[in-house]
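Reader: I'd like to go through the labels on this one and see what each rests on. Can we take them in turn?

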Amino acid sequence: MSSVYGDKVIRARVAKLLADTGSEDRRKVLHDHQNVLDLTGSLVRGKATFKKQCSTCHKLDDVGFDIGPNLRSLTDQKPGSLLTSILDLSASVDGKFVTYVVVTDDGRTFNGMIASETATSITLIEQQNKQRVILRNQLEEIRSTGKSLMPEGLEKNMSPQDFADVIAYIRAKDS
């Protein structure tokens, strides 16, 4: 079953709009996966794939962790937009979901989002909702990567059908 998102005119417009966002390799991956938009997704398979691939940072239907954005509350749930968010995730990452690299004075390195800050410490949140408190007097360096905590490269572990299934699951109102 083909959808309106399979239309070549719309695909060309999407490609043009995305031309200045993300990295070149992510844009290529996104371009190479446009066929996902022509596939019909399965909610059952989508839920299983979501649990395996996405639940370390996202929560839907009481499965997973509330680290990343609430996917049920996304205002743009068009399949093309969701595919872009999955494959070229750092192109338009919200500032509160940006990854920071923290190096301590004893040489340890941690990656995560800043969950909270006080005068004496910062709290990083890592995948699976692991929280790490680091005292400010132990900080050697802290810098933003400008990228999402969500890892790139999901296309290496997921088939086009897996993506279509996850998109169908995310778009479902009641699963």
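Reader: How many salt bridges does the count come to by the rule?

Author: The count comes to ten salt bridges, a salt bridge being a side-chain nitrogen of Lys or Arg within 4 Å of a carboxyl oxygen of Asp or Glu. Bear in mind that this is a predicted model, where local features need pLDDT of at least 70, side-chain atom pairs count only at pLDDT 80 or more, and totals for chains, interfaces and linings use all residues. Residues are numbered from 1 along each chain as its sequence is written, and side-chain values use heavy atoms, with hydrogens and water left out.

Reader: What makes Asp165 and Arg45 a salt bridge?

Author: Their N to O distance is 2.8 Å, and the cut-off is within 4 Å, so the pair qualifies. Asp165 sits in helix H5 (residues 160–171) and Arg45 in helix H3 (residues 43–53), so the bridge ties together parts 120 residues apart in sequence. Helices here are DSSP runs (H or I, at least four residues), numbered from the N terminus.

Reader: Why is Asp165 called buried?

Author: Buried means under 20% relative accessible area, exposed over 50%, partly exposed in between (1.4 Å probe, protein chains only). Asp165 has 1%, so buried it is. Arg45, at 42%, falls in between and is therefore partly exposed.

Note on methods: Helices (H or I, at least four residues) and strands (E, at least two) are DSSP runs, numbered from the N terminus.
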